[in-house]
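Hello,

Here is the structure I promised to pass on.

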Amino acid sequence: LMLLALMQQPECDTAALAEAAGLGMRGAGRVVGQLHAQGLTAWEERGVYRYHRLTRAAEDALLLVVQGPGTV
């Protein structure tokens, strides 16, 4: 659900991603860290907030998922 939220809105803070996934801040922080470790998201810190965005690799992979089978 977090990746879907990032597809709909190019940059989200952790609170917005937590809300989109129905998680608390602690759980969302853990998931965001895992997404970042796998190269699916990147972040930028602005003040006290960290804004997340999809990486190009994640965009390409999600495009294949959205297009469905047989569209390679």
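A salt bridge here is a side-chain nitrogen of Lys or Arg within 4 Å of a carboxyl oxygen of Asp or Glu. Please keep in mind that this is a predicted model.

By that rule, there are five salt bridges. One of them joins Glu 45 and Arg 50, with N and O 2.8 Å apart. Glu 45 is exposed, at 52% relative accessible area, while Arg 50 is partly exposed at 32%.

Another pairs Arg 46 with Glu 11, whose closest N and O atoms are 2.7 Å apart. Arg 46 sits in strand S2 (residues 41-46) and Glu 11 in the loop between H1 and strand S1 (12-13), so this pair ties together parts that are 35 residues apart in sequence. Both partners are partly exposed: Arg 46 has a relative accessible area of 33%, and Glu 11 has 31%. Glu 44 joins these two in a network of salt bridges.

Within helix H4, Glu 59 and Arg 56 lie three residues apart, about one turn of the helix. Their salt bridge has its closest N and O atoms at 3.8 Å. Arg 56 is exposed at 60%, and Glu 59 is partly exposed at 37%.

The largest nonpolar core has twelve residues, among them Met 2, Cys 12, Ala 28 and Leu 62. Helices H1 (2-8), H2 (14-21), H3 (25-37) and H4 (56-67) each supply at least two residues of this core. Beyond its neighbours within four places in sequence, Ala 28 is in contact with Met 2, Thr 14, Ala 18 and Leu 23.

Best wishes

Key
Residues are numbered from 1 along each chain as its sequence is written. This is a predicted model: local features need pLDDT of at least 70, side-chain atom pairs count only at pLDDT 80 or more; totals for chains, interfaces and linings use all residues. Side-chain values use heavy atoms; hydrogens and water are left out. A nonpolar core is a set of buried Ala, Val, Leu, Ile, Met, Phe, Trp, Tyr and Cys residues joined through side-chain atoms within 4.5 Å. Buried means under 20% relative accessible area, exposed over 50%, partly exposed in between (1.4 Å probe, protein chains only). Helices (H or I, at least four residues) and strands (E, at least two) are DSSP runs, numbered from the N terminus. Contact means heavy atoms within 4.5 Å.
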